[in-house]
Amino acid sequence: MPFQVTYLPRHLLTPSSLTLAISSMRSADEDGDGIPSIGEYLLGLNPLSMDDTHHAQAQTINGLPTLTLSYTPDTSAKKLGSIEVNASTDLETWPPLPPHQIIDLGDGSYRAQLAIENDLKFLRIEFSLSP
Ligand SMILES: [Ca+2]
């Protein structure tokens, strides 16, 4: 649903209330697919239509069990924000995935890949707008 303001008293428009409102809109997930609105924008998705293509998958690559996560940045939106893939083993800390583990597939798409080995590992995408 598009953001709409029908009436907002002037005394409620403070810098902190506007910052909070903008932050809430960026992190909103109208379609409930786990991708926030800012991510829908940077991936060129419809924020009102659930997307099920951006989930990590287990594959065997070069004989190793590997967790992969593929994504295609929207070329017109990527200059306005950034997409970063992070990895975790404990769901508490999420350092960026090293660049050599993000494969440029040559068609505008990327595949993040992380050898699973014996540890539990997780991938996620973080989105941010350029200042
Ligand atoms: Ca969404």
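With which residues is V85 in contact, leaving aside its neighbours within four places in sequence? Two residues count as in contact if their C-beta atoms, placed from the backbone, lie within 7 Å. On this basis, and with neighbours within four places in sequence left aside, V85 is in contact with L69, L97, I102, A112, L123 and I125.

The structure is a predicted model, in which local features need pLDDT of at least 70 and side-chain atom pairs count only at pLDDT 80 or more, while totals for chains, interfaces and linings use all residues. Residues are numbered from 1 along each chain as its sequence is written. The predictor's confidence in each residue is given by pLDDT, from 0 to 100. The mean pLDDT of the protein chain is 86, and 89% of its residues reach 70 or more. Helices (H or I, at least four residues) and strands (E, at least two) are DSSP runs, numbered from the N terminus. Among the elements of the chain, helix α1 (residues 15-27) has the lowest mean pLDDT, 72, and strand β4 (residues 102-104) has the highest, 96.

The protein chain contains two helices and six strands. Along the sequence these elements follow the pattern α-α-β-β-β-β-β-β. Among contacts between residues at least 6 apart in sequence, 53% join residues at least 24 apart.

Four of the strands form an open sheet in the order β1-β2-β5-β4, with antiparallel pairing. Its edge strands are β1 (57-61) and β4, each of which pairs on one side only. Neighbouring strands of this sheet are turned by 40° against each other on average, direction ignored; the axes are lines fitted to C-alpha atoms, for helices over the stretch in contact, and angles run from 0 to 180 degrees between N-to-C directions. Two strands are taken to pair if DSSP finds at least two bridges between them. In general, strands of a sheet pair through backbone hydrogen bonds, either parallel or antiparallel.

Within the sheet, β1 and β2 run antiparallel and are joined by five bridges. I61 has L64 in β2 as its bridge partner. The hairpin of β1 and β2 has two residues between the strands, and N62, in the loop between them, takes a positive phi of about 55° although it is not a glycine. Strand β2 (residues 64-71) is also joined to β5, by six bridges, and these two strands run antiparallel. L69 stands opposite A112 in β5, and the bridge partner of Y71 in β5 is Y110.

A residue is buried if 20 or more other C-beta atoms lie within 10 Å of its own, exposed if 12 or fewer, and partly exposed in between, with C-beta atoms placed from the backbone. Of the 131 residues of the protein chain, 13% count as buried. A nonpolar core is a set of buried Ala, Val, Leu, Ile, Met, Phe, Trp, Tyr and Cys residues joined through C-beta atoms within 7 Å. The largest such core has 13 residues, of which L42, L69, V85, A112, L123, I125 and F127 touch the most other members. Two or more residues each come from α2 (37-42), β3 (81-88), β5 (110-115) and β6 (122-129). Strand β6 gives the most to this core, with three residues. In soluble globular proteins, nonpolar side chains tend to be buried together.

Strand β3 also holds I83. I83 is buried because 21 other C-beta atoms lie within 10 Å. Leaving aside neighbours within four places in sequence, I83 is in contact with L42, Y71, P73, I125 and F127. I83 and L43 are 40 residues apart in sequence, and their C-alpha atoms are 8.8 Å apart in space.

Several loop residues were also examined. N62 counts as exposed because it has 7 C-beta neighbours inside 10 Å. L91 lies in the loop between β3 and β4 and has a positive phi near 65°, in a residue other than glycine. L91 is exposed, since 9 other C-beta atoms are within 10 Å. D52 is placed in the loop between α2 and β1. With 7 C-beta neighbours inside 10 Å, D52 counts as exposed. D52 and G34 are 18 residues apart in sequence and 9.4 Å apart in space, C-alpha to C-alpha.
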